[in-house]
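Work through the exercises below on aromatic side chains. Each task is followed by its solution in steps.

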Amino acid sequence: MNVPFLSLKDVTALHGVEINEAVSRVVNGGWYLQGKENEQFENHYSEFIGTKYTIGCANGLDALIWIFRAYIEMGVMQPGDEVIVPANTYIATILAITENDLKPVFCEPKKNTLEIDDDLIESFITPKTKAIAIVHLYGRISYTEKIGALCKKYNLKLIEDNAQAHGCKFLDGRMTGSIGDAAGHSFYPGKNLGALGDAGAVTTNDPELAAAVRALANYGSQKKYVFKYAGRNSRLDEIQAAVLDVKLKYLVKDNQHRKKVAHYYYDHIDNPLITLPDLLPDEQNAYHLFPILVSNGKRDALHDYLDQNGVGTVCHYPIAPHKQECYAKEGWNNPQLNLPITERLADEELSLPIGPTITIDEAAQVVELINLFR
């Protein structure tokens, strides 16, 4: 048996003819940065997400960094301000906050959803709080009406980390990436909408923010050789934009396949050691990942057992951000934060194979192995 966690070669091959044509068009066209391919992809992605503006940039981390930096340049935030953020997330969400000398305020997730606990958020709001950053982790919707109400009540910016949830919707039909004031998107190759290298974008309806982000990601320049900000070089190249524009056409279809595989897992996994997060309505989960929780300290044993039987799995994320060495000396983490739910997820989470190319027969083999594990 050989069921890879995700075969990027197979994913690319799904639309390989069009991708090759797009790459050749750019190569032969002779224009490789800030050209028509970027413009076309940004327009199409804005239409898909439901925002006025998309600004392509080098990667998903930069997308988040530029959002916070833009708000600082606009006077909306200043160094030392606080951003409430889920404690269980990939470290990029936290890096974007600390990169801008802002203070992350960690909020635990709910055990059954794995997303930020909206019942706890208000207790963390202080006069220095300027934003709530939500992460649609694993592809699951993390926004709730309560979060929206808190942002309105306290005049807070809502920033979405939409790195893992391309195509996910809230119950009212709004697409993730259009719900908050701004959103950062990653197009890392393994994402639901993945490039052939690093790539990212910011989406927003705010023209001032959009202009600031675009300038910051282009050395700080809004006009050639004129620099309003001390920016950096963080641009989406034409080849990646062209590839993304091809794959965007198939995102909904590819996500539908992910959902079929996910439903098979939900319907057939039956092992007392394993807990699945709450099943969401299909629109509210893009199934970037399929996380399970393995109890009794057997997560690593299950990972090794599946690996020995030809099934690829990944632990997301085995060391929580507040336990990473890079944050060990931060004032907000001394003494080290005690976040038992987040730490439990770090110890128990295992992601199963899911993607646009895995077959139901392969999913059945994965389930059979899991159900036999003790």
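Buried means under 20% relative accessible area, exposed over 50%, and partly exposed in between (1.4 Å probe, protein chains only). The model is predicted, so local features need pLDDT of at least 70 and side-chain atom pairs count only at pLDDT 80 or more, while totals for chains, interfaces and linings use all residues. Residues are numbered from 1 along each chain as its sequence is written, and side-chain values use heavy atoms, with hydrogens and water left out.

**Exercise 1.** Classify Phe290 as buried or exposed.

Solution. The relative accessible area of Phe290 is 2%. Phe290 is therefore buried.

**Exercise 2.** Count the aromatic pairs and classify the pair of Tyr287 and Phe290.

Solution. Rings of Phe, Tyr and Trp (its six-membered ring) pair if their centres lie within 6.5 Å; planes under 30 degrees apart count as stacked, over 60 as edge-to-face and the rest as tilted. This rule gives 12 aromatic pairs. For Tyr287 and Phe290 the ring centres are 6.4 Å apart and the planes are at 15°, so this pair is stacked. Tyr287 has 1% relative accessibility and therefore counts as buried.

**Exercise 3.** Classify the pair of Tyr305 and Phe373, and state which parts it ties together.

Solution. The centre-to-centre value is 5.2 Å and the planes make 40°, a tilted pair. Helices (H or I, at least four residues) and strands (E, at least two) are DSSP runs, numbered from the N terminus. Tyr305 lies in helix α10 (residues 299-308) and Phe373 in the segment after α12 (360-372), so the pair ties together parts 68 residues apart in sequence. Phe373, at 7% relative accessibility, counts as buried.
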